Amino acid sequence: MEITRMRTLKLHFPDDALSTLDTCLKQTKEARVFRRAQAVRQVVKGQRLQTVSDTLQFTYSALRKWVYRFASQGTQGLVDRPRSGRPPKITCELEQHLHRLVDQDPLQHGALSSQWSCRELATVLARETGVQLGRESVRGVLKKTR
């Protein structure tokens, strides 16, 4: 299948491109990847980039980027690349430690009440691991996983 409707878009998609995108749409849990796969699927089916970008409210340049990435990398090209910046403070081990704490009795750790507060969890976590987290960071971890 060849797309040559736009002067600058001359890409070759594999014969199974549509079924690959259909599988991606069924399996992906990430909304951003889902939207990208939807848009790229319409382009692979033969719609013009401008039409798809207008319909699905993508900028033309963003849609063009996702189409090119899909053509060269498959569905892996639709996933966000790692970004530069400070690495996350909350590692997998730290999350696991926090969850073990939540399952324990706060009184055994010197807490003043029999129910954990996020501030109390942050204090005990800092004492046991040396990693300082704010109560909102603790709350975010717990909210994400429970």
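Searching the whole structure turns up six salt bridges, each being a side-chain nitrogen of Lys or Arg within 4 Å of a carboxyl oxygen of Asp or Glu. Please keep in mind that this is a predicted model, where local features need pLDDT of at least 70, side-chain atom pairs count only at pLDDT 80 or more, and totals for chains, interfaces and linings use all residues. Residues are numbered from 1 along each chain as its sequence is written, and side-chain values use heavy atoms, with hydrogens and water left out.

**Salt bridges between elements**

- Asp22 pairs with Arg41 in a salt bridge whose closest N and O atoms are 2.5 Å apart.
- Because Asp22 sits in helix α1 and Arg41 in helix α2, this pair ties together parts that are 19 residues apart in sequence; helices (H or I, at least four residues) are DSSP runs, numbered from the N terminus.
- Asp22 is partly exposed at 25% relative accessible area, and Arg41 is partly exposed at 21%; buried means under 20%, exposed over 50% and partly exposed in between, with a 1.4 Å probe and protein chains only.
- Arg32 forms a salt bridge with Asp80, with 3.6 Å between the closest N and O atoms.
- Arg32 belongs to helix α2 and Asp80 to the loop between α4 and α5 (92–102), so the pair ties together parts that are 48 residues apart in sequence.
- Arg32 is partly exposed at 44% relative accessibility, as is Asp80 at 23%.
- A network of salt bridges links Arg32, Arg36 and Asp80.

- Arg139 and Glu136 meet through their side chains in a salt bridge (3.4 Å, N to O).
- These two residues, Arg139 and Glu136, are three residues apart in helix α7 (residues 135–145), which means about one helical turn separates them.
- Arg139 is partly exposed at 37% relative accessible area, and Glu136 is partly exposed at 44%.

- Beyond its neighbours within four places in sequence, Leu63 is in contact (heavy atoms within 4.5 Å) with Ala39, Val40, Val43, Leu49, Val52, Ser53 and Phe58.
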